[in-house]
Amino acid sequence: MLFIFIILAVAFRLITLAISIKNERKLKAAGAMEFGEINTRVLALSHIAFYLCAITEYGFSDYQADALTVVGLVIYLIGAFFLVVVIASLNSQWTVKLIIAPNHFLVTTPLFRFVRHPNYYLNIIPELIGFALTLHAFWTLAIGLPLYLVPLVIRIRQEEGTMRAHFPEY
């Protein structure tokens, strides 16, 4: 059963990555500029490493699904739901990279007014916590999440600076 969860979670991330790549190509063709490229690579590698560590930890365990598995799955699904909402809200501006196009516009929907970085706080963090809890990957959660937060905090700071530089009303 959890093998199916792993396959679906990885497939979901690959689908969203394909959306990001498609949007990035269109944005860059329109003259968009990318910021924080090195940190983007570190963040992407951190995401992959977190998933691989959680899957490996699960593979070496003998635990059976329990209430914590369900809690983790619910948290993961909440994160996935918010990723879909963020992608729909940003539409062709959404990528996993920090990209600003010449015709970029500031999204001011209620979600973005009430949560400064919903992609990070409502998607990525719950996604990782939920993924690890579902798989009972406690070492990954205890060690991997704090390590992941380092490039994530850097990304948030880079995004704040970039948005302020391009949007005075930000």
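A pocket here is an open set of points on a 1 Å grid, with protein on both sides within 12 Å along at least five of seven lines. With that in mind, welcome to this predicted model.

**Stop one: the largest pocket.** Show the pocket surface first: the largest pocket holds about 1,200 Å³ of space. Now select T95, V96, K97, N119 and R155, which are the closest to its centre among the 49 lining residues. Colour by element next, and you will find that α1, α2, α3, β2 (98-100), α4 (110-114), α5 and α6 each give two or more residues to the lining. What is the lining made of, by nonpolar, polar and charged residues? It divides into 29 nonpolar, 10 polar and 10 charged.

**Stop two: the largest nonpolar core.** Select F5, Y76, L128, F131, L135 and L152, the residues that touch the most other members of this 24-residue core. Two or more core residues come from each of α1 (2-29), α2 (37-59), α3 (67-90), α5 (118-134) and α6 (138-166). Which element gives the most? That is α5, with 6 residues.

Zoom in on L135. Leaving aside residues up to four places away in sequence, L135 touches L2, F5, I6, A54, I55, Y58 and Y63. Then look for another core, of 8 residues, lying apart from the largest one; I87, V107, L111 and F112 are among its members.

**Stop three: S46.** Select S46 in helix α2. Is S46 buried or exposed? S46 counts as buried because its relative accessibility is 17%, and the cut-off for buried is under 20%. Beyond residues up to four places away in sequence, S46 touches Y148 and P151.

How values were computed
Residues numbered from 1 in each chain as written. Predicted model: local features only at pLDDT ≥ 70, side-chain atom pairs only at ≥ 80, totals over all residues. Heavy atoms only, no water. Core = buried A, V, L, I, M, F, W, Y, C linked by side-chain atoms within 4.5 Å. Buried < 20%, exposed > 50% of the residue type's maximum accessible area, 1.4 Å probe, protein only. Helix = DSSP H or I, 4+ residues; strand = E, 2+ residues; numbered from the N terminus. Contact = heavy atoms within 4.5 Å. 1 Å grid on protein atoms, 1.4 Å probe; cavity = no way out; pocket = protein on both sides within 12 Å on 5 of 7 lines; lining within 4 Å. Points joined across faces, edges and corners; volume = space filled by probe spheres on them. Nonpolar A, V, L, I, M, F, W, Y, C, P; charged D, E, K, R; others polar.
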